[in-house]
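Please read them with the structure open beside you.

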Amino acid sequence: MLTPLLVAATVIVAATTTDLRDLVAAVGGDRVSVESLTEPRADPHAREIHPRQLARLRAAQVLVRIGLDHESWLPRALRAARATPRDLDASRGIALLDTETARLSADRRPHVHAFGNTHYWLDPENARPITALIVDALAAVDSAGRGVFVANRERFLRDLDARLARWRRALRPYAGTRVVVAHDTWPYFARRFDLTIVATVEEQPGVPPSPRHLGALIAQMKTSGVRAILAEPGAPTAVLARVAAETGARVITLVPSVGADPEATDYLALFDVNVRRLADALAR
Amino acid sequence: MTWDLLLLPLLACLVLTGIHAYLGLHVLARGVIFVDLALAQVAALGMTAALLAGHAPESNAAYAWALGFTVLGALLFALTRENTTRTPKDRPAPRNDVTRDREDRPATRNDVSRDREDRPGESGARNRWGGLGGAAGAPQLHQEAIIGIVYAVAAAVTVLVLDRVAQGGEQIKQLLVGSLLGVTRDDVVRLAGLYALVGALHWLCRRPLLSLSLGDDVRGARAWDFVFYLTFGLVVTSSVRIAGVLLVFSYLIVPAVIGTWLADTIARRLAIGWTVGVVASVAGLGASFVWDLPAGATVVAVFGALLALVAFARALARLVTRMRRDGRRALAGVGVGIGVVIALAGLALAALPHADHLWLDALERGIPRIQLAFLSDRERRVDAEARAAIAHGTGELAKLRALAADVRWGHRDLPAEERERLRQFLAGRDELVAGDRLVLATLRARARERQRFVLGLPLAVAGAVVALASLRGVRH
């Protein structure tokens, strides 16, 4: 931002989450100004639109979003802001998980995500396709910046690769560990670090589990010796504490998004924190 | 095996029944139905303020904040009751007011002469006409209005504050939702102790507290009001933490309403209320186990069902009394109602055959011939095949799912490629079964198209005949 010319060249981006915001910032560097439309603490499914979000959406040249059915509030916000930014659905480059309960579900199990599990940013490998899409989207608005974007992305991926090797080393001793999850947030993370998710405590967030579900879960955890419950800050503490007390398992609170915990300051720090917490808890 | 999971929740429910059925009688008599929601929300606001002050949600400091806000809320309600519904009595000559009002509005005469002066409804009505001039003539309000405002503002401010704190928003939400299955032994012991104390206090001070709630004159009414709202707020905020607002509201109001319907004295109403609470707790938790449902919501639904059952029984009893007096003419109104419903159902089937006709779905499930009669031989064959395929498919799915679960839990070993094959096979089977369900839905739509006039119009006519015949019974 040394001269007015450079300021004028800044691409204004709105990302729907703090995780995408960080990936855009990593690729865009000085040539973009990016903000997240949501706080990581807020409930992604029921949200009221803030005036600031509308202003941001209206100003944005590029909108980067998780896609699928993650941002149910977004169409309303776009209409309200009368904004038509260039749209980047980051899920386009992702091999999705949990897609088999999609169109027709023969058994009426509750499932939150109709098009596949949306928490794909929790696999650090997925940063590769996402940032590739981001480079294209930014370059479409700022073609002179493409070289910078590509170079920034490569630098980011080098850092990512180095850390990924470290993370995998830290979690290698626990490969194949069976874990129970509070909500359906962790399939991508678990697959990357070779954890096996055996069951979900609260299949529909906000709907408490039935006594029978909970009873079967506790019995299974005891016989299989499952010792870890992965939770996020919004998980139902009382029920998890009950399950933990009955089974002797440990509740490990991981961070699902950048900024959801003070330690998770950016996208790579998010995995630093999660891997460290997981390794510490599983080592005990 | 898992029944013991329900032991603590059941104990918690029984503890809730004990105090809430009693406090509910007060709340009902005072006409402040939603005061528990408002106080719970005020406590949640206190908890949120504690977060803003830098305390952890589970800390003692946060609990103290919540308690402090509850005291303030109790004070507010005690004061506003004084200001909204008591002032007419404090005034030197309330009689004049009433008589003037009688002249103005003959319609309210009955209310005024029958009831005590300090009823909130009346004073509101009276003073709406009393002009706005001066303190004595200030317009009076229902206390429900104040309670509603406190609820809305506390909830909104909670949202505003939560927007500013980084940690703990979810805990606040859980504070209002509760978690019956997550209740611990310490929770139950603490609640039982606290409620025993509150119950003892209410027993010792039963005369002033009950008289006050029933609208009688009490010396030091303001102080007793404060005592009531304070103990009430204490109970509600503690209950909501484990049971959530919906369940607490049900424990408070439903037993009291049923007790008030069925008995006249406080003691009998309380006995009935306790019975209702115990029955709903046991039946609700049992149902939630048998039918695999969330516990808290099931208990609330059972409360609703119990209330409906009692209301139905009361209506039936009244009908029987009327029949004894008037003979069959008493049934005319019911006949008109049933006739109109049948006629409307028939008309709806004729007009919108593809809409959801739940009654017909249920009938066809019980008596499949109602649908099969409207299908051709070939269609009937397809129907039978699809049903067999669904039965076979769901059986197989259940077996394969159990296998997949066994693999996940580590009871059985399967190589990675076999696991993937199993996953794909499950997904495919799932779609096949869903496809067969679609076949059934298509056949049903075809049957509906044919049932439309053959079934719909006669039903409409029959219903109309029943209704008209009954209507003549009413007139005679």
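At roughly what angle do the axes of helix 2 (residues 35–52) of chain B and helix 11 (residues 221–262) of chain B cross? Point 2 gives the answer, after some remarks on what kind of model this is.

1. Basis of the note. This is a predicted model, in which local features need pLDDT of at least 70 and side-chain atom pairs count only at pLDDT 80 or more, while totals for chains, interfaces and linings use all residues. Residues are numbered from 1 along each chain as its sequence is written, and chains are lettered from A and ligands numbered from 1 in the order in which they are written.

2. Helix 2 against helix 11 in chain B. The two axes cross at roughly 125° and come within 9 Å; axes here are lines fitted to C-alpha atoms, for helices over the stretch in contact, with angles from 0 to 180 degrees between N-to-C directions. Helix 2 of chain B and helix 11 of chain B are therefore oblique to each other, given that angles under 35 degrees count as roughly parallel, over 145 as roughly antiparallel, 65 to 115 as roughly perpendicular and the rest as oblique. Their crossing is left-handed, a term used if the near helix is turned anticlockwise from the far one by less than a right angle, with right-handed used if clockwise. Helix 2 of chain B contributes Asp36(B), Leu37(B), Leu39(B), Ala40(B) and Ala43(B), and among the residues they meet in helix 11 of chain B are Phe232(B), Val236(B), Val240(B), Phe249(B) and Leu252(B); two residues are in contact if their C-beta atoms, placed from the backbone, lie within 7 Å. By class this contact has 11 nonpolar, two polar and one charged residues, where Ala, Val, Leu, Ile, Met, Phe, Trp, Tyr, Cys and Pro count as nonpolar, Asp, Glu, Lys and Arg as charged, and the others, Gly among them, as polar.

3. Helix 10 against helix 11 in chain B. The axes of helix 10 (residues 206–213) of chain B and helix 11 of chain B come within 10 Å and cross at roughly 95°, which makes helix 10 of chain B roughly perpendicular to helix 11 of chain B. Pro208(B), Leu209(B) and Leu212(B) of helix 10 of chain B meet Ala221(B), Trp224(B), Asp225(B) and Phe228(B) of helix 11 of chain B, and by class there are six nonpolar, no polar and one charged residues in the contact.

4. Helix 1 against helix 9 in chain B. For helix 1 (residues 7–30) of chain B and helix 9 (residues 185–204) of chain B, the axes come within 10 Å and cross at roughly 10°, so the two helices are roughly parallel to each other. The crossing is left-handed. Residues making the contact include Leu8(B), Leu11(B) and Val15(B) of helix 1 of chain B, and Val188(B), Leu191(B) and Tyr195(B) of helix 9 of chain B; by class it has 10 nonpolar, two polar and two charged residues.

5. Chain totals. Chain A has 10 helices and eight strands, whereas chain B comes to 18 helices and zero strands; helices (H or I, at least four residues) and strands (E, at least two) are DSSP runs, numbered from the N terminus. Buried residues make up 44% of the 284 residues in chain A and 33% of the 476 residues in chain B. A residue is buried if 20 or more other C-beta atoms lie within 10 Å of its own, exposed if 12 or fewer, and partly exposed in between, with C-beta atoms placed from the backbone.

6. Individual residues. Val382(B), in helix 17 (residues 377–409) of chain B, is in contact with Val439(B) and Leu443(B), leaving aside its neighbours within four places in sequence. Arg82(A) has a phi near 50°, a positive value in a residue other than glycine, and lies in the loop between helix 4 (74–81) and strand 4 (86–89) of chain A. Arg82(A) is exposed, with 9 other C-beta atoms within 10 Å.

7. Confidence in chain A. Chain A averages a pLDDT of 87, and 89% of the residues score at least 70; pLDDT is the predictor's confidence in each residue, from 0 to 100. Over residues 1–8 of chain A the pLDDT is below 50, and this stretch has two contacts beyond near neighbours in sequence. Where pLDDT is low, the predicted coordinates should not be read in detail.
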